[in-house]
Amino acid sequence: MVDGRVRHGGVGPTVICMIALILSSCERAVVGTPIQAETASPTSGQVAPTSFSGKVVGVADGDTITVLVDGNREAKIRFAEIDAPEKGQPWGGRSKQTLSDLVFGRDVRVQQMDVDRWGRIVGRVFVDNRDVNREMVAVGAAWVFRRYLTDTSLIEVEARAKRERVGLWSMPEAQTVAPWDWRRGERTGVEKRPDQAVQPQGLLSSPSSRADPGSFSCSSKTRCAQMTSCAEARFYLTQCRLESLDGNRDGEPCEQLCATGGR
């Protein structure tokens with residue numbers, strides 16, 4: 001605009017300034033309104049945060065815990081790169097107790113690495129920056145799970161525990177069966193359970209509890225009332241995976257049937 005007139009085919013300086021002012025205001029408005037990225041909860045089965053914190057409210061065994069996140073959501077955590085003895089396997093109960101002593105009731109940080117096929121978060125667990133996965137191997141409460149291993153330094157940690165015969169490595173060699181071999185034996189029906197032949201001192205044992213596991217087979221039985229002996233109940237729990245027989249999840253089925261004196 002010159003002398004109050006707009007040049008034909010051009011834009012005057014005043015108009016340009018007005019346009020620039022409008023664009024500048026719009027840019028400030030956009031930049032000043034950040035978009036909050038949504039992250040799925042650790043139990044959603046979708047993309048989860050890389051790490052999160054919570055309180056341990058449950059310990060299932062030596063490598064699985066339940067963490068309360070944000071005060072009201074539960075996340076089941078499977079410890080990465082280690083494998084603890086199974087329930088009923090030698091040192092299984094002690095492994096679970098060791099983990100309980102380390103984390104139960106405490107605030108932990110979970111560094112997520114994966115989600116397994118059961119929807120559990122797979123990760124490293126830390127208490128006050130203490131690597132609990134590594135600690136479980138160091139005290140002989142778990143094996144290094146070589147199939148999914150990325151932290152190869154754990155191999156030496158396990159080797160040292162084995163040399164010093166701490167934890168499960170203090171047992172006779174015949175009883176130190178790796179959990180993955182134990183599970184394979186249960187699936188194929190191969191007997192890999194040396195602990196069944198060893199009764200703690202002072203514990204009574206009935207003839208029925210010493211029955212040959214080969215005399216049982218998985219059928220339509222589903223309740224403790226249908227079991228003829230404690231040995232059969234144990235067979236159904238471990239071989240047939242009938243976990244409903246172990247109501248309190250202590251690794252012992254049918255408490256009334258398998259009580260002391262009938263084990």
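Predicted model: local features only at pLDDT ≥ 70, side-chain atom pairs only at ≥ 80, totals over all residues.

Modeller: Residues are numbered from 1 along each chain as its sequence is written, and side-chain values use heavy atoms, with hydrogens and water left out.

Colleague: Is valine 108 buried or exposed?
Modeller: Valine 108 sits in strand β5, residues 107-115 (strands are DSSP runs of E, at least two residues, numbered from the N terminus). Buried means under 20% relative accessible area and exposed over 50%, with partly exposed in between, using a 1.4 Å probe and protein chains only. Valine 108 has 3% relative accessibility, so it counts as buried.

Colleague: How far apart in space are valine 108 and valine 125, C-alpha to C-alpha?
Modeller: Valine 125 is among the residues in contact with valine 108 (contact means heavy atoms within 4.5 Å). The two are 17 residues apart in sequence, and their C-alpha to C-alpha distance is 6.6 Å.

Colleague: Why is strand β2 largely enclosed by the rest of the structure?
Modeller: Strand β2 covers residues 64-69. Strand β2 is largely enclosed because its buried residues number 5 of the 6.

Colleague: Which residue in β2 is the bridge partner of valine 59?
Modeller: Strands β1 (residues 51-61) and β2 pair antiparallel over 5 bridges; two strands pair if DSSP finds at least two bridges between them. A hairpin of 2 residues joins β1 to β2. Within β2, the bridge partner of valine 59 is isoleucine 65.

Key. Helix = DSSP H or I, 4+ residues; strand = E, 2+ residues; numbered from the N terminus. Lists of a residue's contacts leave out its neighbours within four places in sequence.
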